[in-house]
Each structure stands twice: as C-alpha cells, then as structure tokens.
Amino acid sequence: MTTLTPAATADRTGVSIDTLRYYEREGLIGPIGRSAGGRRQYTEDDVFWIGLVTCFREAGLGIAALREFVAILRAEHSPQDRVAFLRERRAALEERVVALRRAMTVLDEKIAYYS
C-alpha cells in the first residue's frame, strides 16, 4: 500500500499540515496510520476523506456539522439518514447562494451607478 508523508499529503490536498492534524484531532479523518518511527502516513483513503472534509468546509459546514456527518457515516445509520443530512446542508447552501446572488446584484448596480 502506498502512503504519503504529511508534507506530500498537504501538497496534494491543498491544506496545511496543521490543518491535517486539526482534522485528525477533531475526528474528521483517520485514525491516521503511523510508521515504525511514529510519523504519520496517509493513504489514498485518507486523501479522499481530506478532500471530502475540505469540500464540505468550503460549502460552509462547521466542524460540529462535519463531526455529525462523520459519525453518521461511521455508525450503523441508514442511507436515508445520510441523505437527510446532506439534503439539509444542501438546502442551507442554496439559501446562501440566493443571498450571494442578491448581494452581487446590488454590487453590480452600485458599480454601474458609480462608473
């Protein structure tokens, strides 16, 4: 199995080493394997999870919501529970998109006015 160093994982995922450690401490990824010398070794599965967590963070999910989703995934929850969680978050994200579009319209109007 191929593993990555923390630095290589940070480069590949676009998050800092400190963020990788934070995600692990918060239980959002991992547990991360260790070498005989105790150094973290990230797998492709870890990289996938980091990408998922990063995507959800960019979508506005907080750490508490991410912990909840990870718990749903790791426990014996039904697919319906997972879908319900994701639908709720998607609806909230859609509301944010609408608000951002409204704000952009106002900005565009002001730019046109002052131009």
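This is a predicted model: local features need pLDDT of at least 70, side-chain atom pairs count only at pLDDT 80 or more; totals for chains, interfaces and linings use all residues.
Local features were taken at pLDDT of at least 70 and side-chain atom pairs only at pLDDT 80 or more, while totals for chains, interfaces and linings use all residues. Residues are numbered from 1 along each chain as its sequence is written, and side-chain values rest on heavy atoms, with hydrogens and water left out.

The protein contains 5 helices and 2 strands. Both element types are DSSP runs numbered from the N terminus: helices are H or I with at least four residues, strands are E with at least two. From the N terminus on, the order is α-α-β-β-α-α-α. The radius of gyration is 19 Å, whereas a compact globule of 115 residues would have a value near 13 Å. This radius is taken over C-alpha atoms, and the globule rule is 2.2 Å times the number of residues to the power 0.38. Along the principal axes, the C-alpha atoms fill a box of roughly 65 × 40 × 20 Å. Of the 115 residues, 27% count as buried. Burial is defined by relative accessible area: under 20% is buried, over 50% is exposed, and partly exposed lies in between (1.4 Å probe, protein chains only). Contacts are heavy atoms within 4.5 Å. Among contacts with a separation of 6 or more, 50% come from residues 24 or more positions apart.

Two helix pairs share H3. Helix H1 (residues 6–13) packs on helix H3 (residues 44–58) at about 45°, with the axes 10 Å apart. H1 is therefore oblique to H3. Axes are lines fitted to C-alpha atoms, for helices over the stretch in contact, and angles run from 0 to 180 degrees between N-to-C directions. Angles under 35 degrees count as roughly parallel, over 145 as roughly antiparallel, 65 to 115 as roughly perpendicular, and the rest as oblique. The crossing of H1 and H3 is right-handed. Handedness is right when the near helix is turned clockwise from the far one by less than a right angle, and left when anticlockwise. On the H1 side, the contact is made by Thr-9, Arg-12 and Thr-13; on the H3 side, by Glu-44, Val-47 and Ile-50. These residues divide into 2 nonpolar, 2 polar and 2 charged. Here Ala, Val, Leu, Ile, Met, Phe, Trp, Tyr, Cys and Pro count as nonpolar, Asp, Glu, Lys and Arg as charged, and the others, Gly among them, as polar.

H3 also packs on helix H4 (residues 63–74), at an angle of about 140° and with the axes 10 Å apart. H3 is therefore oblique to H4. This crossing is right-handed. From H3, Trp-49, Leu-52, Val-53, Phe-56 and Arg-57 take part; they meet Ile-63, Leu-66, Phe-69, Val-70 and Leu-73 of H4. By class, the contact has 9 nonpolar, no polar and 1 charged residues.

Two residues of H1 were examined individually. Thr-9 lies in helix H1. Thr-9 counts as buried because its relative accessibility is 0%. Beyond its neighbours within four places in sequence, Thr-9 contacts Leu-4, Leu-20, Tyr-42, Val-47 and Ile-50. Pro-6 is likewise placed in helix H1. With a relative accessible area of 11%, Pro-6 is buried. Outside four places in sequence, Pro-6 is in contact with Ile-17, Leu-20, Arg-39, Arg-40 and Tyr-42. Pro-6 and Arg-21 are 15 residues apart in sequence, and their C-alpha atoms are 9.1 Å apart.

Glu-24 belongs to helix H2 (residues 17–25). Its relative accessibility is 17%, so Glu-24 counts as buried. Leaving aside neighbours within four places, the partners of Glu-24 are Ile-29, Ile-32, Arg-34 and Arg-40.

The loop between H2 and strand E1 (33–34) holds Pro-31. Gly-30 and Pro-31 are joined by a cis peptide bond, with omega about 10°. Most peptide bonds are trans.

Arg-82 lies in helix H5 (residues 79–114). Its relative accessibility is 27%, so Arg-82 counts as partly exposed. Not counting residues up to four places away, Arg-82 touches Phe-69, Ile-72, Leu-73, Ala-75 and His-77. Arg-82 and Gly-37 are 45 residues apart along the chain, with 38 Å between their C-alpha atoms.
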